[in-house]
Amino acid sequence: IAVLDIPLLFENGSDAMMDATVCVTAPPEVQRARVMERGTMSAEQFDTILAKQMPDSEKRARADYVIVTDTVEHARAQVQFVINDITQRLTHA
């Protein structure tokens, strides 16, 4: 299993080259708060970047797996499920 972190995966069509896709998501207010806490960009810069991206709802709909990062424990359990599911699919391929 190889993991590629490609922020614009769906926007640039690279998803067509993948065996499976995962969308990591958080509620919009959580996403904004996390970015602003980093202190690396302004709210305006964040809004500009977000406007260029596909809506999160569409990314979730297109992904094979969705990982919600509401808590570390929940995210970890979802990652483990994805790994187990992909491993099982590879075993039966």
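Predicted model: local features only at pLDDT ≥ 70, side-chain atom pairs only at ≥ 80, totals over all residues.
1. Nonpolar surface patch. I1, V3, V79, I83 and L90 make up a nonpolar patch on the surface. Their accessible area together is about 500 Å². One member, V79, sits in helix α4.

2. Overall layout. The protein has four helices and two strands. Starting at the N terminus, the order of elements is β-α-α-α-β-α. The C-alpha trace spans about 50 × 30 × 20 Å along its principal axes.

3. Surface and burial. The protein exposes about 6,800 Å². Carbon and sulfur atoms supply 57% of that area. The chain counts 93 residues, and 22% of them are buried.

4. Contacts along the chain. Take the contacts with a separation of 6 or more: 56% of them join residues 24 or more positions apart.

5. Largest pocket. How much space lies in the largest pocket? The volume is about 1,600 Å³. Several elements give two or more residues each to its lining: β1 (22–25), α1 (28–38), α2 (43–52), α3 (56–62) and α4. The lining consists of 43 residues. Those nearest the centre of the pocket are L4, D5, V22, C23 and V24. Which element gives the largest share of the lining? That is α4, with seven residues. Helix α4 also carries V79, a residue of the nonpolar patch.

6. Salt bridges in general. A search of the whole structure turns up four salt bridges.

7. D15 and R62. These two side chains meet in a salt bridge, at 3.3 Å from N to O. The pair links distant parts of the chain. D15 belongs to the segment before β1, while R62 is in helix α3, and 47 residues separate them. Is R62 buried or partly exposed? Its relative accessibility is 37%, so R62 counts as partly exposed.

8. E58 and R62. E58 forms a salt bridge with R62, and the closest N and O atoms are 3.9 Å apart. With a cut-off of 4 Å, the pair is therefore counted. E58 and R62 are four residues apart in helix α3, so about one helical turn separates them. E58 counts as partly exposed, because its relative accessibility is 38%. Taken together, D15, E58 and R62 are linked in a network of salt bridges.

9. D47 and R32. The side chains of D47 and R32 meet in a salt bridge of 2.3 Å, N to O. D47 lies in helix α2 and R32 in helix α1, so the pair ties together parts that are 15 residues apart in sequence. Both residues are partly exposed: D47 has a relative accessible area of 36%, and R32 is at 30%.

10. T69. Where is T69 found? It is in the loop between β2 (65–68) and α4 (72–91). Why does T69 count as buried? Its relative accessibility is 16%, and buried means under 20%. Leaving out residues up to four places away in sequence, T69 touches V24, T25, A26, R34 and A75. One of these, V24, is among the residues nearest the centre of the largest pocket.

11. A75. This residue lies in helix α4. A75 is buried, with a relative accessible area of 14%.

12. A75 and V24. These residues are 51 places apart along the chain. Their C-alpha atoms are separated by 8.9 Å.

Note on methods. Residues numbered from 1 in each chain as written. Heavy atoms only, no water. Buried < 20%, exposed > 50% of the residue type's maximum accessible area, 1.4 Å probe, protein only. Contact = heavy atoms within 4.5 Å. Patch = residues over 30% accessible without salt bridge, like charges linked within 9 Å, V, L, I, M, F, W, Y side chains within 5 Å. Areas by Shrake-Rupley, 256 points an atom, 1.4 Å probe, with all protein chains shown as cover. 1 Å grid on protein atoms, 1.4 Å probe; cavity = no way out; pocket = protein on both sides within 12 Å on 5 of 7 lines; lining within 4 Å. Points joined across faces, edges and corners; volume = space filled by probe spheres on them.
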